[in-house]
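Please open the model in your viewer and keep the selection tool at hand. The tour moves from one selection to the next and says what to look for at each stop.

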Amino acid sequence: MKSDRRKFIQNLGVGAAGLGAVSMGSTLGSCEAQADKSTEETDEQFLFIGDDIAIADTAYGKVQGYVLRGIHTFLGIPYGADTSGENRFMPPKKPESWTEVKPAIWWGNSAPQIMENRYANAHASFADHWNYDDVSEDCLRLNIWTKSISDDKKRPVMVWLHGGGFTNGNGIEQDGYNGENLTRKGDIVFCSINHRLGPIGFTDLSGVGGEKYAASGNVGMLDIVAALEWVRDNIANFGGDPDNVTIMGQSGGGAKVCTVAAMPAAKGLFHKGVALSGSSLKGIDQDYSRKLGAYILKEAELNASQVDQLQQMPWQAYLDLAYKGYEKMKSELGDSGMRRGGFGPVADGGDIPEEDFFTQPNGLASDVPLLICTTFHERSAARTNPELEKISFEGVEDQLKERFGDDTQAIVKAYRDNFPDKKPVEIWSLITSNRQAAISTANAKAGQKAPVYLAWFGWQPPLYNNRMRAFHCLDICFWYYNTDLMYTHTGGGSRPRKLSEKMSDSLLSFMKTGDPNTQGLPQWPAYTRDNGETMILDDAPEVKNDPDRAARESLPV
């Protein structure tokens, strides 16, 4: 599928407009020398690309990027081989080496996923500004932003793991994911990656295919490990410090952060973690994942000796087949509480442990500080339905009864008591956006030696008649200093930028030291189970002790 994205230069220019453009000379030397200069916008050249500009070494060959507003930018660098054909369902392989300088000036392919009607909802497409390029199984690519590739500095490294659950998304699906502004502000190296998703990345065929397919249920996570190995081995050539790597993700990406922390193969490849609006404490039970693999094989009308034929199908045909197998299994056996469309990391006891993550005081990643953040209104039904602004508390109870049954009235009352100034529609959103998963993850992590810090993002944009509220994905652009670039989330301008200044400074401090405290925010204490210390992120940030505990305790466990 060809992209209908806006031109990327226009995209990036919006972000720089809020920060000031960089004025540079025409040589590579002057580009690097002036990378720190942020001046009033001028008519001088700000994009540089050419035979001797932004050429970097990797273990597999040289790559050529470009310099935009003083930031060296490399897009679509291979960190693994094509995963199609006989490589489908297999652990990632290293990329083939190349002899000529490889262009790294355009995004790598998105992983196979359902693309039909991706832009069908005009309001969602406008607000979230989804970006999708070609889709293929040759998707193991990463992007890098850095100030310099030649000054021998060791900069902290950010590795971004995109959202979309475990079935959708890519490393640049929203403009807020762009690494240019944070790279400039904090003098870091920013990486984002694509990896296998959905049935291509998480079909467990080990029960029907034997040892050959032992890792098939987790190859999407093994791709992330391979990307971190690439960072370890190559990031110094891009000005980064392989001994100071932070992994950060949102929604499904937050769950990926937690899962990577539990993987033995990832030990030592990262040193801090940030999970936004998504976390995980356990992989999928392998009994479930193996049953699903068997259903898919049956749907294909193949037997155990013919599993290899699944590798030869076009990826679109395989996705259709796999989802039909999932629906058949769900109709016959139920969904077993699955929230991942049936496909996600498998607790196979090898690549991913069977026990809950973070449970061992001295276990894997016990020395890795973790920062967790959720938003007040992850889900807000009124965002696209103005009539719901008028809903009554009785109407909220009616909407929630199917989910909570006889407990509904008590839950709504508990939230009303905890938040007496909130409207019915806001109470509804707070209940459905509750912090249970984040608290469970923080409680588990608090038993390890490295600290965990907890935030709750409540800033609301003045868009759509104020109905968007503090919605799922909103905080990303604040952490990454992209509130002007992601103007369809924030409205742009000084108000969101002021909070973004504080949040991005805090993130940069956490990347560098493992402690998010900065002058712009109140003192941010580490989270404890007893007190539930939480940084409330809004126009006037403040720290509160477990601000929704009374309400949250009304929810079923």
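This is a predicted model: local features need pLDDT of at least 70, side-chain atom pairs count only at pLDDT 80 or more; totals for chains, interfaces and linings use all residues.

Residues are numbered from 1 along each chain as its sequence is written, and side-chain values use heavy atoms, with hydrogens and water left out.

**The sheet**

Colour by secondary structure, where helices (H or I, at least four residues) and strands (E, at least two) are DSSP runs numbered from the N terminus. You will find an open sheet of 12 strands in the order 1-4-5-7-9-8-10-11-14-15-16-17, with mixed pairing; two strands pair if DSSP finds at least two bridges between them. Strand 1 (47–48) and strand 17 (542–545) stand at the edges with a single partner strand each, so one side of each has no neighbour in the sheet. Next select strand 15 (residues 452–457) and strand 16 (residues 533–537), which run parallel and are joined by 3 bridges; Phe457 has Leu537 in strand 16 as its bridge partner.

**Helix 11**

Select residues 393–404, the span of helix 11, whose buried residues are Phe393, Gly395, Val396, Glu397, Leu400 and Phe404; buried means under 20% relative accessible area, exposed over 50% and partly exposed in between, with a 1.4 Å probe and protein chains only. Their cover includes helix 12 (408–418) and helix 13 (424–432). Just after helix 11, Gly405 takes a positive phi of about 60 degrees.

**Phe343**

Go on to Phe343, in the loop between helix 10 (315–333) and strand 13 (346–347). Why does Phe343 count as buried? Its relative accessible area is 0%. Leaving aside residues up to four places away in sequence, Phe343 touches, among others, Phe166, Pro199, Ile284 and Tyr326, contact being heavy atoms within 4.5 Å.

**Aromatic rings**

The structure holds 20 aromatic pairs, where rings of Phe, Tyr and Trp (its six-membered ring) pair if their centres lie within 6.5 Å, with planes under 30 degrees apart counted as stacked, over 60 as edge-to-face and the rest as tilted. Select Phe74 and Phe238, an edge-to-face pair at 5.0 Å centre to centre, with 85 degrees between the planes. Phe74 lies in strand 5 (residues 71–78) and Phe238 in the loop between helix 7 (219–234) and strand 10 (240–250), 164 residues apart. Finish with the aromatic cluster formed by Trp106, Trp107, Trp145, Trp160, Tyr177, Phe190 and Tyr480.
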